[in-house]
2 protein chains.
Amino acid sequence: MAETAATRPSHRAAPSHTHPDEVALTAALAALADPVRLRLVRELAASDEWERTCGSFDVPVGKAALSHHFAVLRDAGVVEQRDIGRKRTNRLRRPEFDRRFPGLLDLVVNDRDG
Amino acid sequence: MAETAATRPSHRAAPSHTHPDEVALTAALAALADPVRLRLVRELAASDEWERTCGSFDVPVGKAALSHHFAVLRDAGVVEQRDIGRKRTNRLRRPEFDRRFPGLLDLVVNDRDG
DNA sequence: CTAATTGTTCGACGCTGATTGAACATACTC
DNA sequence: GAGTATGTTCAATCAGCGTCGAACAATTAG
């Protein structure tokens, strides 16, 4: 029925996002208090938006765990995801997240033990 | 043997402190990603240094858990403790912690869902 | 159509962390 | 001295999180 030409056929259901404004401080801190996710965020911060697919990150975990970590970051308002074909691309929600938690991403991205 | 007149006879052994400089980012985030500890930090930030004893905080946990939370904050370089008589007083390590993790305490103390 | 790629979901496992109650240690008070 | 107040430590419990392997879904390539 040609609804609206299906914006973009997804990998599966479109990932459900949470805006940083709706994220509790403890949730944001907990999301970033993990070495794997920290690495994801840092690599993401060093890349252009929508440039990196989920599988393109250098982290020492399997696919299942990776998927879980991205879900956590999504729920914490840290990343946004968009499906392109069979790949899922990512973007760091810098401006939104920075307005909700000023300085937090800077701290994470620029910390010495990167 | 009059060593040095025992600086200050402690509740027990003097609490072992960790300087913020020796704290990993993930450890700092994890320490603050807890509602009880968040509350301790906030109340502490609103009080004068060495003014609050451990038992003077309004948190919904028993003494054992409280003691544990303070130990976590100590290990994360967030608080400093000093024994006075049978009481243990606290101080937020603002300057040191701010130098190591700029903006983090501000974020925690000034967050909306306080 | 078949096969390969990308990522999610499920069940299970192990580990860490928060909590409690009880026992203990120290210091103050009477 | 005995009794009280303040915290710590221990053992046990319980919930949650990170991880994996396997099964599944959707898309693309041949």
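**Note on a predicted two-chain model**

1. A second pair in chain B is B:E43 with B:R52. These side chains meet in a salt bridge at 3.0 Å, N to O. Are the two partners buried or exposed? Both B:E43 and B:R52 are buried.

2. Next comes B:R112 with B:D113. Their salt bridge has an N to O distance of 3.9 Å. The cut-off for a salt bridge is 4 Å, so this pair falls within it. B:R112 has a relative accessible area of 52%. Exposed means over 50%, so B:R112 counts as exposed. B:D113 has a relative accessible area of 35% and is partly exposed.

3. Now look at helix α3 of chain A, residues 63–75. It has 13 residues. At 1.5 Å a residue, α3(A) should span 18 Å. Its end C-alpha atoms are 18 Å apart, so expectation and model agree.

4. Which residues of α3(A) are buried? They are A:L66, A:H69, A:F70, A:L73 and A:R74. Viewed down the axis of α3(A), the buried residues fall within an arc of 140°. They therefore line one face of the helix.

5. What covers the buried residues of α3(A)? The cover includes two helices of chain A, α1 (25–32) and α2 (35–45). It also includes the strands β2 (79–84) and β3 (87–92) of chain A.

6. Check the residue A:G77, which follows α3(A). The phi of A:G77 is positive, near 75°.

7. Last, the two chains together. How is chain A related to chain B? A rotation of 180° superposes chain A on chain B, with an RMSD of 0.0 Å. The shift along the rotation axis is 0.0 Å. That is the relation of a two-fold axis. The same surface serves both copies. Of the contact residues of chain A, 100% recur in chain B.

Technical notes:
Residues are numbered from 1 along each chain as its sequence is written. Chains are lettered from A and ligands numbered from 1 in the order in which they are written. This is a predicted model: local features need pLDDT of at least 70, side-chain atom pairs count only at pLDDT 80 or more; totals for chains, interfaces and linings use all residues. Side-chain values use heavy atoms; hydrogens and water are left out. Copies are superposed by least squares on the C-alpha atoms of residues with pLDDT of at least 70 in both. Contact means heavy atoms within 4.5 Å. Helices (H or I, at least four residues) and strands (E, at least two) are DSSP runs, numbered from the N terminus. The expected span of a helix is 1.5 Å times one less than its number of residues. Buried means under 20% relative accessible area, exposed over 50%, partly exposed in between (1.4 Å probe, protein chains only). The arc is that of the directions from the helix axis to the C-beta atoms.
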